[in-house]
Structures are given as structure tokens and as C-alpha cells.
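Hi,

Here is the structure I promised to pass on to you.

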Amino acid sequence: MTSTFAVTVAPMTANHAAEVMDIYAAGVADGNATFETEPPTWEAFTARHLDEHRFVAVDDAGKVIGWTACVPVSDRCVYAGVVEHSVYVHPDARGHGVGRRLLDALIESTEQAGIWTIQSGVFAENTASVALHAAAGFRTVGVREKVGQHHGIWRDVVLIERRSPTI
């Protein structure tokens, strides 16, 4: 990892698979990113996430230091413009604007595609993610209290969304 965090955002490809899955695994291990207890395989990840809205942040040494991707919320046509997203940043790169760069790329790509809402659920304890999303124009819709257990502990999830001002 470099200390300068010069970042280039690029479309995610299979060449990024190992690094993306490593960052995903770090997020799972940290306990505040997801209800998942292990990351999916690359094949399962790519089968689910929309190809045109997957990005990586790469540092000046060529290392992937973050990623974002989204999935459709439903196969019903009325929800064609609504996606649920994830953004993960390598622990050594957090707090340096990497997540914001990734969100900006996601917002731009989804708006160009006619997607009107990006939504997600964030653990209430993940205050850095809640703040990042607020700075990127997301609003808190509500809190789902004790919506699920994670390692035997009930967790609250903050529902966030960003509605496109242009669509």
C-alpha cells in the first residue's frame, strides 16, 4: 500500500478478482460491513453484480484499494431503476477519500444508465460509512432495528438511498 493514496477509478474486471475478494474478506472480518460471514466466490460475485456498474480504486502502485458494485433490487420492471450497492475500501486506505471516489463513479454510471435510486443498508455502528454516504448525497430513510443477527448479536441497519436529481 502506498501512503499517498493517489487513486484511479476504473471498471472492475476479472483481472481484479483476487484483490477485490481480499478486500471483501477484510470487510467481512472487520464485522461492520455485512451480515455475510465469508465473501462469495468471484463467480458468484460476478453473476450477481451488474457488469456496467462495478468499479475498482487503484493506487499509483497498481494495487486495488477499494471497490463498488451494485445489484438490481428486483426483477419487476417497476424497480428497473433501483439498485442496491456496496462499497468496500482496504483497511489501510480508509479515511483518504477512496470511498467517495468510488461512490462518485457509481453515481455517474448509474445516472447515465437511467437508474434513479441507489440504496443500501449500513450497520448503525459503521458511522464512517454513514458519513461517507451522507457526504455523497445519500439520505437516511430509516433504521431497521434488530433486523438480523450477526455472530449471535442483533444488529440495527440504517437504510440509505440516493435519488437522482436528474432522472
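Let me start with a hairpin: strand 6 and strand 7 form one, with two residues between them. In its turn, histidine 151 has a positive phi of about 55 degrees. Do keep in mind that this is a predicted model.

Strand 6, residues 139-150, pairs with strand 7 over eight bridges in the antiparallel sense. Within that pairing, threonine 140 stands opposite isoleucine 160 of strand 7. Strand 7 is also joined to strand 5 by seven bridges, and those two run antiparallel as well. Here glycine 121 has leucine 159 in strand 7 as its bridge partner.

Now to helix 3. At 1.5 Å a residue, its 15 residues (98-112) should span 21 Å, and the end C-alpha atoms are 22 Å apart, so the two values agree. Its buried residues include Val98, Leu102, Leu106 and Ile107. After the helix comes glycine 114, with a positive phi near 85 degrees.

The largest nonpolar core has 22 residues, and Ala57, Ile65, Val98, Leu102, Ile118 and Phe138 have the most contacts inside it. Among the elements that give two or more residues to this core are strand 2 (55-59), strand 3 (64-72) and strand 5 (117-123). Helix 3 gives the most, with six residues. What does alanine 57 touch, leaving aside residues up to four places away in sequence? Its contacts include Val7, Val9, Ile65, Val98 and Leu102. There is also a second, separate core of 15 residues, with Met21, Ile23, Trp42 and Val56 among them.

Enjoy exploring it!

Methods: Residues are numbered from 1 along each chain as its sequence is written. This is a predicted model: local features need pLDDT of at least 70, side-chain atom pairs count only at pLDDT 80 or more; totals for chains, interfaces and linings use all residues. Side-chain values use heavy atoms; hydrogens and water are left out. Helices (H or I, at least four residues) and strands (E, at least two) are DSSP runs, numbered from the N terminus. The expected span of a helix is 1.5 Å times one less than its number of residues. Buried means under 20% relative accessible area, exposed over 50%, partly exposed in between (1.4 Å probe, protein chains only). A nonpolar core is a set of buried Ala, Val, Leu, Ile, Met, Phe, Trp, Tyr and Cys residues joined through side-chain atoms within 4.5 Å. Contact means heavy atoms within 4.5 Å. Two strands pair if DSSP finds at least two bridges between them.
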